[in-house]
Structures are given as C-alpha cells and as structure tokens.
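Notebook open, structure loaded. I'm jotting down what I look up as I go.

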Amino acid sequence: MKTEDFDFYLPEDLIAQTPLKQRDSSKLLVLDKKTGEIEHKHFTDIIDYLKKGDVLVLNDTKVIPARIIGVKEETNAVIELLLLKDEGNNVWECLTKPAKRVKVGTIINFSDALKAECIEVKDEGIRIFKLIYEGILYEILDKLGEMPLPPYIHEKLKDKDRYQTVYAKNIGSAAAPTAGLHFTKELMEKIKEKGVIITYVTLHVGLGTFRPVNVEDVTKHKMHSEYYVMNKITANILNNAKKNNNKIISVGTTSTRTLETIMSLYGEFKECSGNTDIFIYPGYKFKAIDSLITNFHLPKSTLVMLVSALAGKENILNAYKVAVQNKYRFFSFGDAMYIGDINE
C-alpha cells in the first residue's frame with residue numbers, strides 16, 4: 001500500500017483560511033460507507049442521520065495557546081516552540097524552530113514570567129524542555145501564546161475561541177479536534193431532545209496532526225503517541241450501546257482513535273487512560289464505531305487513510321473529487337463529512 005495511493009487534486013483556494021461566521025452553517029457531504037452514495041446537506045442536517053438511542057462521542061480536549069516565541073539567552077536568536085505534550089514536572093515535548101540552534105543546556109527567554117531550558121535533543125525538530133516560571137502556566141500562556149494553527153492557514157485568527165469547540169474542557173491539546181468545531185450548544189440540545197446520547201472522551205492532539213507521511217510504504221509510517229482518557233460514565237454508555245445494537249457515532253478522527261484503541265486493548269469500553277499511537281489504514285476492521293463525522297483532510301495524510309479504512313479508498317477519493325467539484329472548504333476551518341449507513 002503506497003502513500004501515493006491516497007493523493008488527490010486540491011486547488012489551494014479551497015483550503016479554508018478562516019472559520020465561518022456561524023459554526024453550524026458549514027456544508028455537510030454525506031457518504032454511504034457501503035454504496036458510496038453521496039448527498040449534499042448543511043451541517044444542521046446532521047440531526048436527520050442520528051436516531052434515538054444512538055451515542056455521539058465528542059473529544060472534549062481544550063487547545064493550549066501553545067505557540068510561543070522567545071530569544072536564545074546567549075545570542076538573542078529568535079526561537080519558536082510549539083508545546084506538544086506535558087511530560088509532568090514542568091517538562092514538555094516541543095516542536096522547535098529552528099531546531100538546529102537549540103542544544104542541551106540552551107535557555108530561551110519568553111518573558112519575565114517564562115523561560116525554558118533544553119534538557120534533551122530528539123529527531124525531527126523535537127526537543128524536551130524544562131519550563132521555568134512562577135504562577136500558573138496556563139495563565140502565562142494565555143498572555144504570551146498564540147493558537148497553534150496548522151501551517152496551511154495563513155490568516156490571523158481574530159477570535160481564539162473559534163479554534164476551540166463549544167464543549168472544550170480538559171486543557172492539553174496542541175491542535176483542535178476540528179470535526180467538533182461545527183457544533184453549537186443549540187444544535188447539541190436539539191440532538192439530545194431527539195433521544196441521542198452525547199458523551200465525551202479526551203485525547204490531547206499532538207504532533208501526529210502536523211506530521212506528513214514521508215515514507216513510500218504506508219505500513220512503515222510511525223504514528224506519534226497521544227494521551228487519552230475515558231471515564232466510567234462514558235464506558236458504561238458505550239458498552240450499553242453495543243449491547244443494545246445502538247450506533248456509536250464518533251465526532252472526529254481523534255475520538256475514533258481513542259475508541260478503537262480502547263476496544264482493541266480490552267475488547268470492551270472501560271475507564272482508563274494511556275498513550276495511543278494507533279494507525280488506522282485500509283484493512284483495519286473497526287471494533288468500536290459505526291459512523292464518523294469528520295472534516296476533509298490533507299492529501300496523503302494518515303487521516304485520509306483512516307477514513308478510507310472506514311468507507312473504502314475508492315469511495316473516499318470519489319467523495320473528495322465530488323467535494324472539490326462542488327467547492328467544499330477543506331481542512332481545519334472547512335466543511336464536514338458524515339460517513340455512515342445512510343439507508344439503515
């Protein structure tokens with residue numbers, strides 16, 4: 001299986017640079033995962049594909065303003081860090097630019113309130129830093145940091161909250177779980193009123209979101225690990241859904257990877273936490289989810305591979321071709337896709 005097999009033509013002007021004024025006004029492409037049949041809707045129509053007893057699983061991670069820019073103590077060279085993962089005891093894994101200027105012992109000053117000392121050098125621009133500060137780190141980052149928008153977004157984000165879901169709760173992500181950006185509180189209330197159960201997992205999105213697949217053979221790609229949590233309430237809800245043959249609809253690839261990891265490890269849902277580097281590509285048999293709400297992803301990315309595993313590569317690439325023809329907006333601030341059994 002070649003990475004090239006997951007390439008597709010995408011005009012640059014279809015890469016959404018800014019969020020829409022109204023979150024749930026985005027377009028929704030509905031794809032039948034068995035037949036490849038396509039319907040064109042708006043996101044508010046998602047409610048028509050959800051039935052009483054279905055379970056909608058959202059990732060309630062909250063994005064840190066994780067991009068911080070400082071100067072190297074010895075030389076005043078400008079260094080940018082993207083805080084990726086909290087390793088505990090104020091030690092963070094960071095994507096560093098330019099990484100070649102940062103060695104073990106390098107100290108970077110961000111403000112009077114925050115410094116960072118490099119304590120370990122890793123590959124691919126990754127460095128491990130000890131953060132030195134007084135007070136509460138997230139309050140300092142709120143003042144100093146910028147939202148870590150992906151590199152294909154060139155517009156400045158005017159409102160930080162538009163790169164958070166309306167239900168974001170557990171702080172720790174280096175990127176938003178963007179499929180959830182389409183939901184409003186009002187739409188979620190309507191979904192609940194229909195008898196759909198909404199529940200949450202947490203997966204803190206890390207480096208995997210920013211890393212392209214650089215190997216020719218898909219199976220040789222190594223996923224970066226990300227921290228996840230499932231509580232007892234969610235585990236019970238999901239186990240009941242399985243027992244009663246109710247559908248589990250995952251919102252986003254991050255929720256999907258969390259659910260599939262837990263089901264692969266334990267054969268059921270349970271209260272747990274850990275790190276996952278699960279890589280889902282065609283040939284994978286889904287154990288946890290029935291349907292998926294997601295955005296349109298980058299060519300040759302692990303996320304295109306994941307949705308291809310769910311609906312078949314031919315169906316996905318055809319749906320993407322149709323989306324391009326119909327001027328759907330792509331990536332983080334783009335339109336949405338529902339992949340499921342439409343006619344059931």
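Which residue takes a positive phi in the hairpin of β1 and β2? I found G36, with phi near 80 degrees, in a hairpin that has five residues between the strands.

Ground rules before I go on. This is a predicted model, where local features need pLDDT of at least 70 and side-chain atom pairs count only at pLDDT 80 or more, while totals for chains, interfaces and linings use all residues. Residues are numbered from 1 along each chain as its sequence is written, and side-chain values use heavy atoms, with hydrogens and water left out.

I checked the strands on both sides: β1 (residues 27-32) and β2 (residues 38-42) pair antiparallel over five bridges. Strands here are DSSP runs of E, at least two residues, and helices are runs of H or I, at least four, all numbered from the N terminus. Two strands count as paired if DSSP finds at least two bridges between them. K27 stands opposite H42 in β2.

**Barrel.** Next I traced the order of the closed barrel: six strands, β5-β6-β7-β10-β9-β8, with antiparallel pairing. The twist averages 45 degrees from one strand to the next. For angles, axes are lines fitted to C-alpha atoms (for helices over the stretch in contact), and values run from 0 to 180 degrees between N-to-C directions. I looked at one pair up close: β8 (residues 107-111) and β9 (residues 114-121) run antiparallel and are joined by four bridges. I108 has A116 in β9 as its bridge partner.

Helix α1 (residues 137-144) lies across β5, β6, β7, β8, β9 and β10, at about 105 degrees to β9.

**V78.** Buried or exposed, I wondered about V78? V78 is exposed, because its relative accessible area is 54%, and the cut-offs are over 50% for exposed, under 20% for buried and partly exposed in between (1.4 Å probe, protein chains only). V78 lies in β6 (residues 78-88). Beyond neighbours within four places in sequence, V78 is in contact (heavy atoms within 4.5 Å) with I69, G70, V71, K97 and P98.

**R127.** This one sits in β10. R127 is buried yet has no salt bridge, and D123, the nearest side chain of opposite charge, is 6.9 Å away. A salt bridge needs a side-chain nitrogen of Lys or Arg within 4 Å of a carboxyl oxygen of Asp or Glu. For charge, Lys and Arg count as positive, Asp and Glu as negative, and His and the chain ends are not counted. I did find the backbone oxygen of A99 at 3.0 Å from a polar atom of the R127 side chain. Its contacts beyond four places in sequence include W92, E93, C118 and E120.

Terms used:
A polar contact is a pair of N or O atoms within 3.5 Å; within protein, one must be able to donate a hydrogen and the other to accept it, and residues adjacent in sequence count only if both atoms are side-chain atoms.
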